[in-house]
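Colleague: Before I read this model closely, I should like to go through the terms used to describe it. Please set each value against its definition.

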Amino acid sequence: SSTSDMAAMANTADRLSGTLWLILIITIGVTGIGYLFFEHTIRRPIATVAAGLKAEANGSSGAMLGVASTSEVRDLISAFDLMRAQVRARQLRLQTILDNTAEGILTFDGNGTIETFNHAAERLFGWSESEVVGRSITQLTRHEGEVAIGDSFLARILRNEYETLLDREGELTGWRKS
């Protein structure tokens, strides 16, 4: 009787072990299929939209976003396309204003790198836009006679110390190309 009971328990243990292995294999399979589904329907399309946003922020135009399979990702792509169209329209309007004003206008970032240089600034300084955009603002300014470059009007602007410049006049001497 003991031998028969042990054989029955061994048989039950084998069936239970087989069932557990089957459940494990099915679980791994379902998890893998779920991951692939998530990867292709959600993660990749969102990563593509994020890459498009980064490319747009860096000035690359025409980033292709592809076709989305979920309504949420389609909404995200639609919102991105609308935002891109509005930003480009505003940028075009601002560029038109800058190009048609009589004053020389240039913009630069916090590091002093020139970002825009309008047509009047080209006439004023004698440099073309392509020669100065991406270069330092110090290429166009004179530093002789200033107390020290570290305490100059331009240095304070570049360090965003606007409070120290309020109610003060400052002067920068610009250099023409010639």
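Colleague: Which residues form the nonpolar patch on the surface, and how much accessible area do they have together?

Modeller: This is a predicted model, in which local features need pLDDT of at least 70 and side-chain atom pairs count only at pLDDT 80 or more, while totals for chains, interfaces and linings use all residues. Residues are numbered from 1 along each chain as its sequence is written, and side-chain values use heavy atoms, with hydrogens and water left out. The patch consists of F38, I42, I46 and L76, which together have about 310 Å² of accessible area. Accessible areas come from the Shrake-Rupley method with a 1.4 Å probe, and for residues only the protein chains shown count as cover.

Colleague: What makes a group of residues a patch?

Modeller: Patch residues have over 30% relative accessible area and no salt bridge; nonpolar side chains (Val, Leu, Ile, Met, Phe, Trp, Tyr) are joined within 5 Å, and like charges within 9 Å. I42 has a relative accessible area of 31%, and the definition asks for over 30%. The place of I42 is in helix α1, and that helix, residues 2-57, gives the largest share of the patch, three residues. Helices here are DSSP runs of H or I with at least four residues, strands are runs of E with at least two, and both are numbered from the N terminus.

Colleague: Why is I42 called partly exposed?

Modeller: Buried means under 20% relative accessible area, exposed means over 50%, and partly exposed lies in between (1.4 Å probe, protein chains only). I42 is therefore partly exposed, at 31%.

Colleague: Why is E39 called buried, and what is E72 called?

Modeller: E39 has 6% relative accessibility, so E39 counts as buried. E72, which is found in helix α2, has a relative accessible area of 57% and is therefore exposed. The C-alpha atoms of E72 and I46 are separated by 9.7 Å, although the two residues are 26 apart along the chain.

Colleague: How do you know that the span of α1 agrees with its number of residues?

Modeller: The expected span of a helix is 1.5 Å times one less than its number of residues. The 56 residues of α1 should therefore span 82 Å, and the end C-alpha atoms are 77 Å apart, which agrees.

Colleague: Where does α1 bend, and by how much?

Modeller: The bend is at E39 and comes to about 45°. That angle is taken between axes fitted to the seven residues ending at a residue and the seven starting there. Just after α1, G59 takes a positive phi of about 95°.

Colleague: What do the buried residues of α1 pack against?

Modeller: They pack against α2 (71-100), where contact means heavy atoms within 4.5 Å. The buried residues of α1 are E39, T41, P45, V49, G52 and E56. Those of α2 are V73, I77, F80, R84 and L98, and their cover includes α1 and β2 (114-117).

Colleague: What makes the pairing of E39 and R43 a salt bridge?

Modeller: A salt bridge is a side-chain nitrogen of Lys or Arg within 4 Å of a carboxyl oxygen of Asp or Glu. For E39 and R43, the distance from N to O is 2.8 Å. The two residues lie four apart in helix α1, about one turn of the helix. An α-helix has 3.6 residues a turn, so residues three or four places apart point the same way.

Colleague: Which residues are linked with E39 in a network?

Modeller: The network of salt bridges links E39, R43 and R44. The closest N and O atoms of R44 and E39 are 3.1 Å apart. R43, at 39%, and R44, at 42%, are both partly exposed.

Colleague: How many salt bridges does the structure hold, and what does the one between K177 and E131 tie together?

Modeller: The structure holds four. K177 and E131 meet at 2.5 Å, N to O. K177 lies in the segment after β4 (173-174) and E131 in helix α4 (residues 129-132), so the pair ties together parts that are 46 residues apart in sequence.
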